[in-house]
Amino acid sequence: MKDKIIIENTQNPQILEVNVGFNLRINPSLKFIIEGISGVEELDTFGVDKYSFHVQFGKAFDENEIRTEIKEKIYEFLSE
């Protein structure tokens, strides 16, 4: 499952596109977990496209740290 999580840049440097290998619609609580990450301001399109969503984060936060934290939270969620 770890290799199925892909985080890509968008045209906006403060927004990341997250693609996962599972149906997000059956895991709505994951939205609240990711929105709880320090620096994450908004999670968009959750539930619209069942395999991807956008994460907006603040300018004061490091993109690489946000990426790492998102992956860690998803892995942790999936292992429960």
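A residue is taken as buried when its relative accessible area is under 20%, as exposed when that area is over 50%, and as partly exposed in between. In the predicted model considered here, Asn27 has a relative accessible area of 17% and is therefore classed as buried. This residue belongs to the loop that runs between strand β2 (15–19) and helix α1 (29–35). A polar atom of the Asn27 side chain is placed 3.0 Å from the backbone oxygen of Asn23, so that the pair falls within the 3.5 Å limit applied to polar contacts between N or O atoms.

Side chains of opposite charge can pair when their charged atoms come close. Two salt bridges are found in the structure. One of them joins Lys31 to Glu35, with a separation of 3.2 Å between the closest N and O atoms. Because Lys31 and Glu35 are four residues apart in helix α1, about one helical turn separates them. Both partners fall in the intermediate class of accessibility: Lys31 is partly exposed at 24% relative accessibility, and Glu35 is likewise partly exposed, with a relative accessible area of 27%.

The side chains of Arg67 and Glu63 also meet in a salt bridge, for which the N to O distance is 3.0 Å. These two residues both lie in helix α2, where a spacing of four residues places them about one turn of the helix apart. Glu63 has a relative accessibility of 24% and so counts as partly exposed.

On the surface, a patch of negative charge is formed by Asp62, Glu65, Glu69, Glu72, Glu76 and Glu80.

Strand β4 (residues 52–57) contains Gln56, which is counted as partly exposed because its relative accessibility is 28%. Between Gln56 and Lys71 the separation is 15 residues in sequence, and the corresponding distance in space, from C-alpha to C-alpha, is 15 Å.

Conventions. Residues numbered from 1 in each chain as written. Predicted model: local features only at pLDDT ≥ 70, side-chain atom pairs only at ≥ 80, totals over all residues. Heavy atoms only, no water. Patch = residues over 30% accessible without salt bridge, like charges linked within 9 Å, V, L, I, M, F, W, Y side chains within 5 Å. Areas by Shrake-Rupley, 256 points an atom, 1.4 Å probe, with all protein chains shown as cover. Salt bridge = Lys/Arg side-chain N within 4 Å of Asp/Glu carboxyl O. Lys, Arg positive; Asp, Glu negative; His and termini not counted. Charge placed at Lys NZ, Arg CZ, Asp CG, Glu CD. Buried < 20%, exposed > 50% of the residue type's maximum accessible area, 1.4 Å probe, protein only. Polar contact = N/O pair within 3.5 Å; in protein donor to acceptor, adjacent residues only side chain to side chain.
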